[in-house]
Amino acid sequence: MPKCKYCHENITRFDKEICPFCGGKKPLEGVDDSTYDITQFVDIMKENNKEIKFKQKKRVTNGLLCMFLGFFGADAFYLGFKKLGILRLLINLIIYAAASLILFFLTELSFYSFIIPFGALFVIYFIIGIINLFIRGKKDVNGVFIR
């Protein structure tokens with residue numbers, strides 16, 4: 001966007017006669033009205049005078065973590081969502097324990113009563129992981145898109 005030659009605020013090309021910010025007349029006269037790349041104006045994020053560097057996460061890694069370690073919430077931890085990862089881990093443990101106890105007491109398959117619920121949860125997270133491989137527009141905890 002071009003800038004007003006008086007107040008240096010971004011204005012549109014339609015504001016050729018009067019600047020909407022300072023009221024200056026003909027704010028674009030003699031000013032370069034070409035557009036700029038917005039990334040050249042982004043400052044480096046700093047915390048306690050130290051640069052913060054964000055490493056962009058990968059969608060394939062996120063999908064694989066969900067497929068094989070989704071039961072433990074590894075994909076949520078990978079993206080930086082610690083509370084979500086802990087919540088998923090606790091919910092999965094409760095579901096696993098409840099299903100195991102129900103199968104243990106209601107069926108004669110005592111050994112398999114601990115394997116069947118884990119296998120069911122594994123299959124569910126494997127399917128979700130495959131779906132995550134194709135989802136675009138997913139962000140990590142910093143708001144950065146995963147690639």
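Is Asp75 buried or exposed, and at what relative accessibility?

1. In this predicted model, Asp75 counts as buried, at 4% relative accessibility. The cut-off for burial is under 20% relative accessible area, so the value of 4% places Asp75 in the buried class.

2. The side chain of Asp75 meets that of Arg88 in a salt bridge, with an N to O distance of 2.7 Å. Asp75 belongs to helix α2 (residues 74–78) and Arg88 to helix α3 (residues 82–106), so this pair ties together parts that lie 13 residues apart in sequence. Arg88 also counts as buried, at 15% relative accessibility.

3. Beyond its neighbours within four places in sequence, Asn62 is in contact with Asp75, Tyr78, Leu79, Asn132, Lys138 and Ile146. Asn62 itself is located in helix α1, which covers residues 59–69. The relative accessible area of Asn62 is 0%, and the residue is therefore buried.

4. How many salt bridges does the structure hold? There are two. One of them is the Asp75 and Arg88 pair described above; another joins Glu17 to Lys26, where the closest N and O atoms are 3.7 Å apart.

5. Glu17 counts as exposed, at 52% relative accessibility. Lys26, with a relative accessible area of 38%, is partly exposed. By contrast, Asp75 is buried at 4%, and Arg88 is buried at 15%.

Conventions
Residues numbered from 1 in each chain as written. Predicted model: local features only at pLDDT ≥ 70, side-chain atom pairs only at ≥ 80, totals over all residues. Heavy atoms only, no water. Helix = DSSP H or I, 4+ residues; strand = E, 2+ residues; numbered from the N terminus. Buried < 20%, exposed > 50% of the residue type's maximum accessible area, 1.4 Å probe, protein only. Contact = heavy atoms within 4.5 Å. Salt bridge = Lys/Arg side-chain N within 4 Å of Asp/Glu carboxyl O.
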